[in-house]
Amino acid sequence: MSKIILYNAEPYEYEFEPEKTALLVIDMQNDFVNPGGFGEFLGNDVSLLRKVINPIKNVLNAVRGTEIKIIYTREGHRPDLSDCPPNKLKRGRLKIKIGDEGPMGRVLIRGYKGHDIIEELKPLDGEPIIDKPGKGSFYATDLHLILQNWGIKYLIITGVTTEVCVHTTVREANDRGYECLVLEDCVASYFPEFQEIGIKMIKAQGGIFGWVSNSDEFIKVIKDSKK
Ligand code: TIU
């Protein structure tokens, strides 16, 4: 495939080369997204996050079988918590903290149900999962190494939450030279006002962190490129 131009993007058209592009699915984990998980236990309305499941599924379906690579992340820690900084463990004065027994097993601990990716968006063979201890997907992970080995320059960004792990990742990616396109209906926040402002911040100042479009527009150009 040659260069694709997505005209319906902000602040202006987004150009990408499919063979140098990866779709990143950030932290679509049971504990953040599913009813009965840790996110809901903390008082959050998970229905706001669940809105992204179908759009992300549609994007995955459009991209699978093309040259675009797919990679997932999960936020969480080793069972002995040796990779969890004390500030993260203490923050919030929560009744149930990271590592404690939560509604879906030990909270944010690798190997427990709450930590795993939701059933609807399970990765296929050849779609790696990056386990990350922080909010950013690059910090203390081999994501950059894998993307460099694949020759990736463009990142299509999906997942949760917009102002936390999505924003931190986009900022990290931008500083490392990646051209990020955030699909607005494929990212979500527990707070509608943060969703709105988070999206605005990415495309402000001439695309200070990257570009914004949506799943329909992105899928349309992928389908057109196959004709
Ligand atoms: N994945 C991610 O965004 N982790 C969070 O802790 N998000 C919150 O919004 N709390």
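Okay, one term before we start: when I say contact, I mean heavy atoms within 4.5 Å. And keep in mind that what's on the screen is a predicted model.

So, let's begin with Y14. Which residues does Y14 touch, once we leave aside its neighbours within four places in sequence? Quite a list: I4, I5, L6 and A9, then Y154, L155 and I156, then E179, C180 and L181, and finally W211. Y14 belongs to the largest nonpolar core, which has 45 residues. Along with F16, M28 and F218, Y14 is among the residues with the most contacts inside that core. As for where the core draws its residues from, the largest share is 6 residues, and they come from helix α4, which runs over residues 53–63. There's another core as well, apart from that one, with 23 residues, including V170, Y178, V182 and I199.

Next, the ligand. If you zoom in, you'll see D27, F32, E75, K135, V160, T161, V164 and C165 around it. Let me go through the polar pairs. K135 has a polar side-chain atom 3.0 Å from an oxygen atom of the ligand. T161 also puts a polar side-chain atom by a ligand oxygen, this time at 2.8 Å. For V160, it's the backbone: a polar backbone atom there is 3.1 Å from a nitrogen atom of the ligand. And how much of the ligand's accessible area does the protein cover? The ligand on its own has 280 Å², and the protein covers 83% of that.

How many does the structure hold? There are 16. E75 pairs with K88, and the closest N and O atoms are 2.8 Å apart. E75 sits in strand β4, residues 69–75, while K88 is in helix α5, residues 86–90, so this pair links distant parts of the chain, 13 residues apart. Are these two buried or exposed? Both E75 and K88 are buried.

While we're in helix α5, have a look at K90, which is in that helix too. K90 counts as exposed because its relative accessible area is 65%, and the cut-off for exposed is over 50%. If you want a sense of distance, the C-alpha atoms of K90 and C186 are separated by 31 Å, and the two residues are 96 apart along the chain.

Back to salt bridges. R110 pairs with D83, with 3.3 Å between the closest N and O atoms. What does this pair tie together? R110 is in the loop between β6 and β7, and D83 is in the loop between β4 and α5, so the bridge ties together parts that are 27 residues apart in sequence. R110 itself is partly exposed, at 22% relative accessible area.

Then there's K3 with E15, where the closest N and O atoms are 3.6 Å apart.

Leaving out residues up to four places away in sequence, E17 touches K3 and Y154. With Y154 there's a polar contact, side chain to side chain, at 2.8 Å. You'll remember Y154 from the list of residues in contact with Y14. E17 is in the loop between β2 and β3. Why does E17 count as buried? Because its relative accessible area is 16%, and buried means under 20%.

Last one: E127, another glutamate that counts as buried, with 10% relative accessibility. E127 lies in the loop between β6 and β7. What does its side chain reach? The side chain of E127 gets to the backbone nitrogen of L124, at 2.8 Å. Beyond four places in sequence, E127 is in contact with R64, I70 and Y72.

That's my tour. Over to you for comments.

Definitions and conventions:
Residues are numbered from 1 along each chain as its sequence is written. This is a predicted model: local features need pLDDT of at least 70, side-chain atom pairs count only at pLDDT 80 or more; totals for chains, interfaces and linings use all residues. Side-chain values use heavy atoms; hydrogens and water are left out. A nonpolar core is a set of buried Ala, Val, Leu, Ile, Met, Phe, Trp, Tyr and Cys residues joined through side-chain atoms within 4.5 Å. Buried means under 20% relative accessible area, exposed over 50%, partly exposed in between (1.4 Å probe, protein chains only). Helices (H or I, at least four residues) and strands (E, at least two) are DSSP runs, numbered from the N terminus. A polar contact is a pair of N or O atoms within 3.5 Å; within protein, one must be able to donate a hydrogen and the other to accept it, and residues adjacent in sequence count only if both atoms are side-chain atoms. A residue is near a molecule or strand if one of its heavy atoms lies within 4 Å of it. Accessible areas come from the Shrake-Rupley method with a 1.4 Å probe; for residues, only the protein chains shown count as cover. A salt bridge is a side-chain nitrogen of Lys or Arg within 4 Å of a carboxyl oxygen of Asp or Glu.
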